[in-house]
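Biologist: I've got a model open and want to talk through its side-chain contacts and pockets. Can you walk me through them?

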Amino acid sequence: GVKKPTKNELKNIPIVRRSIVASEFIKKGTVFSQTNLTVKRPFKGKSPMEWDNLIGKTAKKDFAVDEFIE
């Protein structure tokens, strides 16, 4: 058979998954690092699986504390 999530699991995905967010104010042009990013719930921005690709890149806009990185 094919393994797939149940209806209840699908509706919980945005709640239980996490997103990359700013852990401090990040000004446009700042390089993303492990000190200015963190991972929190809910899932609305970039997935934590993209963490390594994001570190070292430059912010294209200002990000407030706890703002989702998109």
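Biologist: How many salt bridges are there by your rule?

Modeller: The count comes to three salt bridges. The rule asks for a side-chain nitrogen of Lys or Arg within 4 Å of a carboxyl oxygen of Asp or Glu. This is a predicted model, so local features need pLDDT of at least 70, side-chain atom pairs count only at pLDDT 80 or more, and totals for chains, interfaces and linings use all residues. Residues are numbered from 1 along each chain as its sequence is written, and side-chain values use heavy atoms, with hydrogens and water left out.

Biologist: Which residue does Asp 66 pair with?

Modeller: Lys 40. The closest N and O atoms of Asp 66 and Lys 40 are 2.6 Å apart. The pair links distant parts of the chain, 26 residues apart. Lys 40 is in strand 2 (residues 37–40), and Asp 66 is in the segment after helix 2 (51–54). Helices (H or I, at least four residues) and strands (E, at least two) are DSSP runs, numbered from the N terminus.

Biologist: Is Asp 66 buried, exposed or in between, and what is its relative accessible area?

Modeller: Asp 66 is partly exposed, at 37%. Lys 40 is also partly exposed, at 35%. Buried means under 20% relative accessible area, exposed over 50%, and partly exposed in between (1.4 Å probe, protein chains only).

Biologist: What does Lys 61 bridge to?

Modeller: Glu 67, at 2.7 Å, N to O. Lys 61 has a relative accessible area of 39%, and Glu 67 has 24%.

Biologist: Which ring does the charged end of Lys 61 sit over?

Modeller: The ring of Phe 63, 4.9 Å from its centre. That term needs NZ of Lys or CZ of Arg within 6 Å of the ring centre and within 35 degrees of the ring normal.

Biologist: And Glu 50, which side chain does it meet?

Modeller: Lys 46, in a salt bridge of 3.3 Å, N to O. Glu 50 is partly exposed at 32%, and Lys 46 at 23%.

Biologist: New topic. What's the volume of the largest pocket?

Modeller: About 170 Å³. A pocket is an open set of points on a 1 Å grid over the protein atoms alone, where a 1.4 Å probe fits, with protein on both sides within 12 Å along at least five of seven lines.

Biologist: Which residues line it?

Modeller: Among them are Phe 32, Lys 46, Lys 61, Phe 63 and Glu 70. Lining residues have an atom within 4 Å of a point. The lining divides into five nonpolar, one polar and five charged.

Methods:
Grid points are joined across faces, edges and corners, and a volume is the space filled by probe spheres set on the points. Ala, Val, Leu, Ile, Met, Phe, Trp, Tyr, Cys and Pro count as nonpolar, Asp, Glu, Lys and Arg as charged, and the others, Gly among them, as polar.
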